[in-house]
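The points are grouped by topic.

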Amino acid sequence: MGYLEELGIAAKQAEKALRGISSAKKDEALEAIAARLEENTDAIIKENEKDLANAVEKGMSQAMQDRLRLDEKRIRGMADGVRKLVSLPDPVGRVLGGHELPNGLKIVKKSVPLGVVGIIFESRPNVTVDAAALCLKSGNVAILRGGSDAIYSNKRLVGIMREALKSVGLDENAVNLVADTSRKTVGEFMKLNRYIDVLIPRGGGGLIQNVVNNATIPVIQTGEGNCSVYVDKFADIEKAVNIVDNGKTQRPSVCNAIENLLVHKDVAEPFLAALNERWQGKVKILGDEAAAKYIKTDGIATQEDYAAEFLDYTIAVKVVADIGEAIDFINTYGTKHSECIVTINLDNAEKFQREVDAAAVYVNASTRFTDGGEFGMGAEIGISTQKLHARGPMGLEEMTTYKYLINGNGQVRQ
């Protein structure tokens, strides 16, 4: 029996055990996880430092190192995120609908866990805790496969969570880690149909496409974020600068940061001048020829640039003739994640929100708010950029499916 099959068998056994536990027991386990994370802060940071040292040796960019880094504040934030889940309603067992047929059959539609959830992600160890906690609260078993860049951090975090589960009398195999990060193993992992019910990739475009193209398990596509802001003809320039600056520089390495900036030709000169004053060379700008007239660029933007998820201090800028051109651009190059218009024109705002095809469409607010915590969902397992079965931040409700319960009194079909 192989390594992954052993993991799968253990996960399936844990899934059976989770079916019968109460909401109170799940919350007790989450409280234990949060407490142990805080108690083991120094040990977590020590393991994370090993990952960071390897990252420096490999020449990893500063932005990607930021995704990898854990400190006291971030560990406390992870623990707080777990505790927020305790305060949220249990998503399992909700009655979603029901009716009685003329023949007397009573049909009830009720929410149930997805089952065993496989999560493949890259160098963000906070995802390890968020994903495991969301799965636990929603009655699912998690099999986590993080990237090799965060292996020391992930081993320690999963070890802590498994200890917490045992401490409250739950099966520690409700949370599992694929410790072998080889490509061969991830290829095999994506084909464990017998044990895994749903596979969720979270990371860059390369990872997501690899999973979508090669997995034989149903996939919920998440993560890749080629997001844009369109500064309309009727934009408030000061608000536009603040929104663009926040969307690009507040944390450029995450999927809800913006990669493209579209500016209406009538406000290109004043807006780009104000943005240039704000950034003062902080951001590398790739622009079209029209943008280059008003702001210093580091090269002419290509189609590949407009389609890129930079994940650092780089942005592609395009001057557009009208809102229609902006919407067409976004629907061509976007990844259906998060898009924004800055405008005081109600008709344009409504047109943008109606016609842009994305999970989250903003008017006059930063795309950085596309996040389960910011949306009031607690932690999230990712941002779904597809349309089935979930879209946008995947919180607790999105971690369930449903089944029909049919009660009769001896009815048979004629």
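The largest nonpolar core holds 70 residues, and the members that touch the most others are Leu 37, Ile 119, Leu 144, Phe 189, Ile 200 and Ile 381. Helix α6 (residues 125-137) supplies the largest share of this core, with 8 residues. The model is predicted.

**Cores**

- Phe 189 is one of the residues of the largest core that touch the most other members.
- When neighbours within four places in sequence are left aside, the contacts of Phe 189 are Leu 4, Gly 118, Ile 120, Ile 143, Arg 145, Val 178, Ile 196, Leu 199 and Ile 217.

**Largest pocket**

- The volume of the largest pocket is about 980 Å³.
- Its lining comprises 34 residues, and those nearest the centre are Arg 124, Asn 126, Asp 130, Arg 251 and Asp 371.
- Two or more lining residues come from each of α4 (62-68), α5 (72-87) and α6.
- Helix α5 gives the largest share of this lining, 7 residues.
- The lining of the largest pocket divides by class into 15 charged, 10 polar and 9 nonpolar residues.

**Second largest pocket**

- The largest share, 3 residues, comes from α9.
- By class, the lining of the second largest pocket has 6 polar, 5 nonpolar and 4 charged residues.

**Cysteines**

- A search of the whole structure gives 0 disulfides.
- Cys 227 is in no disulfide, and the nearest cysteine sulfur to its own belongs to Cys 255, 6.9 Å away.
- A disulfide requires two cysteine sulfur atoms within 2.5 Å, so the 6.9 Å between the sulfur of Cys 255 and that of Cys 227, its closest cysteine sulfur, is too far for a bond.
- Cys 227 is buried, with a relative accessible area of 0%.
- Cys 255 is also buried, with a relative accessible area of 16%.

Notes:
Residues numbered from 1 in each chain as written. Predicted model: local features only at pLDDT ≥ 70, side-chain atom pairs only at ≥ 80, totals over all residues. Heavy atoms only, no water. Buried < 20%, exposed > 50% of the residue type's maximum accessible area, 1.4 Å probe, protein only. Core = buried A, V, L, I, M, F, W, Y, C linked by side-chain atoms within 4.5 Å. Helix = DSSP H or I, 4+ residues; strand = E, 2+ residues; numbered from the N terminus. Contact = heavy atoms within 4.5 Å. 1 Å grid on protein atoms, 1.4 Å probe; cavity = no way out; pocket = protein on both sides within 12 Å on 5 of 7 lines; lining within 4 Å. Points joined across faces, edges and corners; volume = space filled by probe spheres on them. Nonpolar A, V, L, I, M, F, W, Y, C, P; charged D, E, K, R; others polar.
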